[in-house]
Each structure stands twice: as structure tokens, then as C-alpha cells.
Amino acid sequence: MRRIIAHRGLPQLAPENTLSAFEKMQDYQIEWFETDVSITKDEQVIIIHDDYLDRTTNQSGPLDQATSEIVDIADAGSWFDPSFKGERIPRLEELITFINQSRMNVNIELKAVTGAAGNRLADSLVKQLSDAIQLINPAVKVIVSSFNPLMLLKMKALQPQLEYAVLFENHTIYEDWPLIVDAIGANYVHLESDGLTQSLVKTVIERGYHLNVWTVNTKDRANELFNWGVEGIFTDNAESFVAKKTVV
Ligand code: G3P
Ligand code: CA
């Protein structure tokens, strides 16, 4: 299998993790995409990668200090290109609507929540995602991933039937990583491409886990990883890995 996973939608063609970035995927034969879910101070679940608003919106500050009012007025498009001015930060409900309309398979990454209210917000994020995932059409494949094992454990307790992935950065992968993966009951391991060796790929596969690798933007590295037996890659330019849909 050579699974191409569009990372944050199509972030070369539209601002990452926005509805425009997701909708553009439908012009291509893309079957999987990845996106990030996080939460504001007042427990609004939103689609954003960073734990600050600064890089991808015209607002600033940490999410755990941001309210829904700020999210409502945030422009998540102008930083990318003026033609995307007024693009909003998607809410969780909008992501679910897109998934059900497009029927695209999705990897939803639960972002770790920081700050003083981190535990309360993390629990709220997990609960709200659990409720929302129940609204996804059963034909859609869903993988929930996180760098945070505790959030995955809590999510798995609420939604035991889902597929789960533990994310590792290569500098944090440690010898007893299977203990964490097995304690969660995850069947996927998502590893960082930079520095990833064939030997670790072999070990992960021999232990029976599915393996997707992030973030792979060149064909050469993608081919190398696929030849090693990696199942899927997350890429920022999925449009260059698949064909464009033909308009009838
Ligand atoms: O899920 C793969 C990848 O997205 C994890 O890293 O920082 O891009 O969310 P990051
Ligand atoms: Ca991510």
C-alpha cells in the first residue's frame, strides 16, 4: 500500500487547515487527509496546528487565552495570500460537515493542550471530538492520533472501536515505545521522516503495527520509505503525488 495523506489539506494551494485547503483536495484523487484539532479558553474546538494564533491568522496570543469571539474575527487566509482574506478558522462542526460531504478518510490529530487549564481543556477537547466523531458517516475511515498518550488513552476509553496512532518525534522515540503504543491499544505508529532509519521501520512493521510517516515532501524520500515497507506518508504537496480528477 502507498497511502498519500494530504497534510493539513493542500497547504501549497490554500492556507493550511482551512475549508479552502480541504475543498481543494476534491480536485484531486486524494483519499486521505490529516488535520489538527485544538481548543480555546472557552472550550471551542477549532482546526488549527499551532498553539498560538500568530502564524496562521491576523490575531495573536496562545489558544488557551483565546475566546470564541477572537476566533470568529480571526482572518486565517490573508497571511497566505490576499485572495484568501476572510478565510475563517474552521470549527469542529465544519470539519465534520466537510468529511461527510467529501467522504474523504481522515486522520484527526489531537493537539496537546498547554497552560494552567491544560487538563480541563484537554478533557473537553477529547469529549467534544468523541461526540463529533459519532456523527461521521460510517463509510469514512478515521484514525485519531496524538503526541500525547494520555489524551489518546482517554479518547480510546470513549471510542474503543476507532483506530489510533501514536505520534513520535524521532528524537523522543525511546526503546520501550511499544509499551506506550500497546497501553493505548493503538494499531498505528506515526513517525517523523527526518532521521528515520530502515532498521526502525523494519522493527515497527515486524511488531505488527501500521506505519505512516510525516512529513514527506519529495518523491525520492517517499519512494525510499515505501520501498522500506512504510504504508503511508503525510505530505504538504499531495497534489503532486496523485492525479487530478477529470471533469466530465
Ligand atoms: O500527523 C503528522 C504530523 O502532522 C505531526 O506533526 O507538527 O505537523 O502536527 P505536526
Ligand atoms: Ca498534525
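This is a predicted model: local features need pLDDT of at least 70, side-chain atom pairs count only at pLDDT 80 or more; totals for chains, interfaces and linings use all residues.
User: What makes strand β1 (residues 3-7) largely enclosed?

Analyst: Four of its five residues are buried, so β1 is largely enclosed by the rest of the structure; buried means that 20 or more other C-beta atoms, placed from the backbone, lie within 10 Å of a residue's own. The name strand itself denotes a DSSP run of E with at least two residues, numbered from the N terminus.

User: How do you know that β1 pairs with strand β9 (residues 232-235)?

Analyst: Pairing requires that DSSP finds at least two bridges between the strands, and β1 and β9 have four, in the parallel sense; I5 has F234 as its bridge partner in β9. Strand β2 (residues 32-39) also runs parallel to β1, joined to it by three bridges, and there E34 stands opposite H7.

User: Which residues surround ligand 1?

Analyst: Among them are H7, E34 and F234, where a residue counts as near if its C-beta atom, placed from the backbone, lies within 6 Å of the molecule.

User: What does L129 touch, not counting residues up to four places away in sequence?

Analyst: L129 touches V37, V45, I108, L110 and M155, a contact being two C-beta atoms, placed from the backbone, within 7 Å.

Definitions and conventions. Residues are numbered from 1 along each chain as its sequence is written. Chains are lettered from A and ligands numbered from 1 in the order in which they are written. A residue is buried if 20 or more other C-beta atoms lie within 10 Å of its own, exposed if 12 or fewer, and partly exposed in between; C-beta atoms are placed from the backbone.
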